[in-house]
Amino acid sequence: MATKTATDLLNDAKRVLKLNDRKSWTVPAAGLYPHQWLWDSCFIAIGLRHLNIERAKTELTSLLRGQWQNGMLPNMIFDNDPAYRRDRQLWRSWLNPYAPDDVATSGITQPPMLAEAVVRIGEKLKLSERRSWYNSMYPSLVAYHEWIYGERDPHDEGLAVLLHPYESGLDNTPPWISELRKHSTPWWINLIERLRLDGLVNLFRRDTRHLPPGQRMSNIEAMAYWAALRRLRRKAYNSEAILSRSLFAVEDLGFNCILIRANTHLKQIAKTVAKPLPETLTTAMARTQTALEQLWDEDAGQYYYRSFVSRKLIQQTTIGTLLPLYAGTVSKERAAQLVSLLKHRNFFGASWPVPTVPLNSPYFDPYKYWQGPTWLNTNWLIVDGLRRYGFDKEVQLLSKRTLQLVANQGMGEYFNPLNGDPAGAADFSWTAALTIDLLKS
Ligand code: GLC
């Protein structure tokens with residue numbers, strides 16, 4: 001088969017974004033993901049800015065319809081169609097007094113990519129337009145970052161704590177799965193597992209209706225995630241009430257790296273619009289940068305996730321391990337250590353990089369969602385980090401391989417890092433959007 005030209009690739013990406021366009025926002029993939037997701041829309045806007053800047057702005061402003069009065073940005077805003085009543089009922093955002101009245105959302109967040117997307121759109125605008133764009137987004141961004149610190153950093157340590165793995169965006173990444181197995185599997189789920197009744201769960205799962213079960217989390221894990229969600233719902237998504245009892249709360253490495261980068265962008269936005277950030281916020285932001293060092297394990301030469309409850313590092317190497325590159329605040333020496341893991345053939349040096357867990361991990365499975373496959377968004381974050389640290393050769397190589405992957409395999413949700421096979425949903429929006437961005441940078 002002839003390989004695609006850059007123009008073919010661009011056209012394919014445009015086709016996918018058009019297919020998934022719902023006028024003012026975009027679904028990640030028709031069928032499997034029928035709602036608006038927070039970090040998806042941020043990545044989508046980063047691609048859309050090259051095609052239609054006004055539509056890219058709308059992708060982000062439509063996220064604000066879901067913002068809670070306390071500043072929280074939910075990871076999902078539900079489509080209002082009667083067909084999705086069950087999804088809205090599952091979360092019941094209306095139980096929380098701060099949730100919006102006119103739209104149903106989830107009750108948890110996702111990695112704070114919004115500031116990055118706002119700035120990427122800003123780069124395309126003349127200064128006066130950029131100022132008015134930033135001015136329009138500034139209050140919501142400040143409110144969101146204030147919410148992260150106010151609600152999710154209860155001891156003022158600088159590290160945001162997440163209450164559910166869905167908040168990490170990397171749903172079944174090993175640090176969360178291992179915490180789940182240790183602290184958060186209720187007795188009745190263990191019983192179901194022993195009696196091997198877990199197959200019944202398929203009746204309620206949308207993902208396994210669309211995809212082979214081997215590509216997703218197990219039914220037992222899915223049930224435990226659902227039970228964790230119900231515990232949050234029972235407390236009406238009140239972080240303080242949840243954190244006072246929960247054993248299942250994690251200082252998530254990837255989220256905090258993205259937060260650090262988002263803080264840097266927010267400072268830049270504040271400067272452009274000449275509005276000082278609240279002092280409590282700038283103090284908290286500075287703390288995060290220092291606090292990241294608490295996640296460093298000198299013996300392993302890596303950053304890890306940490307349990308909020310036991311205060312212990314969760315020693316699992318994952319794609320999160322490489323995200324301090326994206327944060328951009330770790331030393332050049334540390335960055336170089338991460339780059340050597342990136343290239344190492346037992347770790348992340350796969351044929352179609354970057355696998356979401358290293359090849360030598362006991363969790364590695366080339367088809368299983370966030371436990372092995374290569375994803376475009378994490379590649380994009382790594383490319384961005386490498387570029388800022390001046391690893392130009394690595395930037396070239398990773399961008400080239402990523403584009404070859406989608407040229408050969410199409411706009412899949414994720415890919416087998418050993419042979420490039422596409423997996424997950426077909427025609428996935430952020431794959432298309434970030435392909436466009438990689439082509440244009
Ligand atoms: C999956 C991914 C998550 C993404 C969502 C919609 O749940 O793990 O990161 O936001 O799908 O694409």
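1. Start with D171: one of its polar side-chain atoms lies 2.8 Å from an oxygen atom of the ligand. On its own the ligand exposes 310 Å², and the protein buries 96% of that (areas by the Shrake-Rupley method with a 1.4 Å probe).

2. Before you go on, remember that this is a predicted model: local features need pLDDT of at least 70, side-chain atom pairs count only at pLDDT 80 or more, and totals for chains, interfaces and linings use all residues. Residues are numbered from 1 along each chain as its sequence is written, and side-chain values use heavy atoms, with hydrogens and water left out.

3. Who else is around the ligand? The surrounding residues include P28, Y33, W37, D40, Q110, G169, Y369, F428 and W430; to be near, a residue needs a heavy atom within 4 Å. By class, this shell has eight nonpolar, two polar and two charged residues; Trp, Tyr, Phe and Pro count as nonpolar, Asp as charged, and Gly as polar.

4. Now look at the rings. Rings of Phe, Tyr and Trp (its six-membered ring) pair if their centres lie within 6.5 Å, and the count comes to 19 aromatic pairs. Y144 and W147 are stacked (planes under 30 degrees apart) because their ring centres are 6.3 Å apart and their planes at 10 degrees. Both lie in helix α6 (residues 127–152), three residues apart, about one turn of the helix; helices here are DSSP runs (H or I, at least four residues).

5. Most residues other than glycine have a negative phi, and most peptide bonds are trans. R92, in the loop between α4 (85–91) and α5 (114–122), has a positive phi of about 50 degrees. P353 and V354 are joined by a cis peptide bond, with omega about 10 degrees.

Terms used
Polar contact = N/O pair within 3.5 Å; in protein donor to acceptor, adjacent residues only side chain to side chain. Phe/Tyr/Trp six-rings, centres within 6.5 Å; stacked < 30°, edge-to-face > 60°. Helix = DSSP H or I, 4+ residues; strand = E, 2+ residues; numbered from the N terminus.
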